[in-house]
Amino acid sequence: MSIDDRTIGRRERNKLDKLARITAAAGELFTERGVDDVTTQEIADRADIGTGTLFLYAKTKGELLLLVQNSTYADALAEGREAAAAAGTMTDGVLAVIRPVVECNRKQIDNGRTYLREIVFGDPEEPHHRVALDLTQQTEALIAEVLVDRGGVPAEIASTLAHVVSAIMFVSMAATVNAARTVDEIVDEIAAQVRAILPG
């Protein structure tokens, strides 16, 4: 038993184990067939839990998708932070933050686009939705940090520019016209718009 296992009780460990199984099962099924073609019963069966238990963790497939995608988005954001630290110019730093987020979102295109819809139109009081909104705020904060550190942009302007860059990224990833485009094509589209708005 590790120190971490001793600091939380059995009940909490069981909850975390079920959450991990649900996340893994939903992630696998969504990747295999897309969120629209998977039932909550299939997710419960693969996670080896009852559907009633599943609904304690997420009430809808949209919430399950948020749960799954939030985890990969957090990993992409960490990757972007590391890449931005090694980037040369301000614009390169911003694009270094953006690329892993686009890659994460495009692993299963329909799921990625549905995830973006859930972020925009979902219930902000729902816990998984709040996490997704927090991740978007973290993305904007990281972009603003790059603008300040690499470009000397004043903090309040950097914050506004980061919000605009985030909007560009979201629209480019969600747009139906871009559904068949590659990660590189979408990043190039975002890059062209980002270069048009950033100073220097």
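Analyst: Happy to! By class, the lining of the largest cavity has seven nonpolar residues, two polar ones and no charged ones. Here Ala, Val, Leu, Ile, Met, Phe, Trp, Tyr, Cys and Pro count as nonpolar, Asp, Glu, Lys and Arg as charged, and the others, Gly among them, as polar.

Please keep in mind that this is a predicted model, where local features need pLDDT of at least 70 and side-chain atom pairs count only at pLDDT 80 or more, while totals for chains, interfaces and linings use all residues. Residues are numbered from 1 along each chain as its sequence is written, and side-chain values use heavy atoms, with hydrogens and water left out.

A cavity is a set of points, on a 1 Å grid over the protein atoms alone, where a 1.4 Å probe fits but cannot get out; lining residues have an atom within 4 Å of a point. Searching the whole structure turns up one cavity of 30 Å³ or more, and the volume of the largest is about 50 Å³. That volume is the space filled by probe spheres set on the points, which are joined across faces, edges and corners.

Now for the residues themselves: Gln69, Tyr73, Val101, Cys104, Asn105, Tyr115, Leu116, Phe170 and Met173 form the lining. Helix 6 gives the largest share, three residues. Helices are DSSP runs (H or I, at least four residues), numbered from the N terminus.

Note on methods:
1 Å grid on protein atoms, 1.4 Å probe; cavity = no way out; pocket = protein on both sides within 12 Å on 5 of 7 lines; lining within 4 Å. Helix = DSSP H or I, 4+ residues; strand = E, 2+ residues; numbered from the N terminus.
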